[in-house]
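Let's take a friendly walk through a protein model. Have a look at the picture first, and then we will go through some of its parts together.

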Amino acid sequence: MKKVLLYILLSFITSSAISAQDLAQVYESVSPAVVAIFTEEQGLTTTSDNKTMTVTTNGLGSGFMISNKLVVTAAHVVKVPERLTVQFYDGQTSPAKVVTSYKNADIALIELLIPKINAVTVKFGDSDKMKIGNQVIVVGVPLGVGFSMSSGYISAFKKQTLGKNPFATTEFIQTDAAINQGNSGGPMFNLNGEVIGIVSHITSKSGGSDGIGFATSSNLAARLLLNNKMPWFGAELHTLRGNESKIFNIPQDYGLLVQRVASSSIFDQMGIKGGTTEITIGNQKLIAGGDIILAFNDIKFDLNDDTLLELANFGKSIAENPTFTVTILRAGKIITLSHK
């Protein structure tokens, strides 16, 4: 009996040691591909005497290199940055710009303005092959402490597809690996060192890691980001519908309220304006006073699948045909702006 117990104990210790060694090897091979992302954004704040002021806010996130100039991260890390800086594992930095972003899927692609020499890159794995109980590791800069690793297991899969709408598809992998502020956009690896998820968000009562974290699946990220020509227009938008459409008195059922516009972005070059005043409608905080988008070219904004699919195809066509128009409502007047 003692020999059996001793054998079980030795087997457990040996298995744990091998597992720890495997994780160490994975970390050593992939960590140089992980980056820290620093952002500066312009926002509004209301003072005690009810005046609105413009303020600069700093943000922190993680990402990973898929080439010597392309980095994948989370969309919410790079909403409307005025300045975007990528810091590599070796401490070097490069300014960057947003290439494309999908809000619902929470993934974005950014481009380094100074390509990384001798870049270490990682590849997407097949997230569909992962199963509940598979071990994973997460690498990033949680709370600015980089580049650190946490490990855990896949707990569940959350997938939602709403018709043909390309903007509403989400695929999240749930994990108990520790995820904290700053991990967003960082990679989740399988034990082969392949990226099978992009860290998105957590569910937490404490504000820190409670063991319920979510990462966008690598298969969805690869499908939306790789070989994708959808541009980043450079704005934070809010969809107006129902009572909100009536409150803003727009001449159609749906519109896009422009909240903020990044400098030098496509929308900024077109002269599209963001909001100037913070308001609350119900429980929704918005920035009002900006333009309201009604249509792209002759495509009137709507939330039905066919229109959204048409808008997605319009976005992809801009790389070949950058001339287009945006119809907006500004101060009660309908105006058409052009991009050439």
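As background, strands of a sheet pair through backbone hydrogen bonds, and the pairing can be parallel or antiparallel.

Let's zoom in on one pair. Strand β8 covers residues 148-160 and strand β9 covers residues 170-175; the two pair in the antiparallel sense over six bridges. Which residue is the bridge partner of Ala156 in β9? The partner is Gln174.

Next, find Ile335, which lies in strand β20 (residues 333-339). Is Ile335 buried, partly exposed or exposed? Its relative accessibility is 27%, so Ile335 counts as partly exposed. Beyond its neighbours within four places in sequence, Ile335 is in contact with Val326, Thr327, Ile328 and Arg330. Asp291 is 44 residues away from Ile335 in sequence, and their C-alpha atoms are 9.8 Å apart in space.

Finally, a word on confidence. The protein has a mean pLDDT of 89, and 90% of its residues reach 70 or more. Over residues 3-18, however, the pLDDT is below 50, and this stretch has zero contacts in the model beyond near neighbours in sequence. Where pLDDT is low, the predicted coordinates should not be read in detail.

Definitions and conventions
Residues are numbered from 1 along each chain as its sequence is written. This is a predicted model: local features need pLDDT of at least 70, side-chain atom pairs count only at pLDDT 80 or more; totals for chains, interfaces and linings use all residues. Side-chain values use heavy atoms; hydrogens and water are left out. pLDDT is the predictor's confidence in each residue, from 0 to 100. Contact means heavy atoms within 4.5 Å. Helices (H or I, at least four residues) and strands (E, at least two) are DSSP runs, numbered from the N terminus. Buried means under 20% relative accessible area, exposed over 50%, partly exposed in between (1.4 Å probe, protein chains only). Two strands pair if DSSP finds at least two bridges between them.
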